[in-house]
Amino acid sequence: MTDRVPLTQGIKYAGSKLKLLPYILELARRTDAKTILDGFSGSTRVSQAFAKSGYRVISNDIAAWSQVFSKCYLQNHSPDSKYANLIRHLNNVPPKDGWFTENYGGEQNGGSAIQADGLKRPWQIHNTRKLDGIRQEIDRLSLSSIERVVALSSLMLALDRVDNTIGHFVSYLSKWSSRSYKNLILEVPKLFVANHENIVLKDDIFKICNIDADLAYFDPPYGSNNDKMPPSRVRYASYYHLWTTICLNDTPQLFGRARRRSDTSDKISSSVFEEFRKNQKTGRFIAVEALDKLIRSTSARWIILSYSSGGRGTAEEINQMLSEYGKIVDVVKVDYRRNVMAEMKWTHEWLADAESPNFEFLFLIDKHELSR
């Protein structure tokens, strides 16, 4: 199965579906879909895989950095060689002391990432100085829209290779990672020439879920099922706040020890799918009600839904909800501790394992045929 999975590229990303791509694509092949909506595209690996597999893709995510990656990979119509001179030029830009260095660059300190102010940093100063110079140069150049997203994607990918994190920007490592000592070097992203006029959106999923598509793939940021999770829990927007700032270059107000963007505070940036509370009027989890609304409102005949066993809402709730809006054609259960498919299960068999940790489920739903 894996030999039919195209090469994709991306940053380190919590909840990445890279290892699930074979199963997602296999389920898609069981439909007659030509156009696919990826409603929560994130790092865009799923969108890339769909596009490279010959589908027309509508990629959507509310994150600015996800939109940049989507445009870079899905809307390119030129060979890699077209961008070689641009990337070479950016690599030769002189380092500068700027806003990113002031807030996110750290001295080596004999191996300690903890700086004089007591805060840790995500990059060493020799790389943030390159970041400051390159980011200013991207804005200074008269780039086409595709050249701009290729340059920004190249910059983020390069920064991801020399960071001092475990894959997100809400906390940083106390000791400099071995990769953080390396020099920031941009490379042309692993592009492909798009076969279709793919669409890239940056919108609320409920505003575009009725768009004309044959199949919709949904991987919402589910709320935790941990009842002790505090209201101040970090949201997905916070995990990748620095990619947003690099794309926008807007020098936002910062707060906290990780120096997060103020607009990624929990009260501002929370997603309804991350909500862990219950609706006091209905007694149902708000995240489950949001998923119910999403499945009900989606126009596509086919839906592939990712669901984690650590998500908010019980298996019985999810199973009942999905069965109300169509037929669950199949369920794939994946043990993501080992990153392998455990087995295929029909709808009435998956429930027993759904409450156990460390499982990911992929549902293929046919909305044109209600369950009997």
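**View 1. Strand S9 is mostly covered.** In this predicted model, seven of the seven residues of S9 (residues 302–308) are buried. Buried means under 20% relative accessible area, exposed over 50%, and partly exposed in between (1.4 Å probe, protein chains only). Strands (E, at least two residues) and helices (H or I, at least four) are DSSP runs, numbered from the N terminus. Trp302, Ile304, Ser306 and Ser308 point one way from S9. Ile303, Leu305 and Tyr307 point the other way, and all are buried.

**View 2. S9 pairs with strands S6 and S12.** Strands pair if DSSP finds at least two bridges between them. S6 (residues 215–218) runs parallel to S9, joined by four bridges. Here Leu215 has Trp302 of S9 as its bridge partner. S12 (residues 359–366) is antiparallel to S9, with seven bridges. Leu362 in S12 stands opposite Ser306.

**View 3. Lys130 is buried without a salt bridge.** Lys130 lies in helix H6 (residues 125–140). A salt bridge needs a side-chain nitrogen of Lys or Arg within 4 Å of a carboxyl oxygen of Asp or Glu. Lys and Arg count as positive, Asp and Glu as negative; His and the chain ends are not counted. The nearest side chain of opposite charge, Glu137, is 11 Å away. Leaving aside residues up to four places away in sequence, Lys130 touches Leu90, Asn91, Val93, Pro95 and Leu184. Contact means heavy atoms within 4.5 Å.

**Notes.** Residues are numbered from 1 along each chain as its sequence is written, and side-chain values use heavy atoms, without hydrogens and water. Local features need pLDDT of at least 70, side-chain atom pairs count only at pLDDT 80 or more, and totals for chains, interfaces and linings use all residues.
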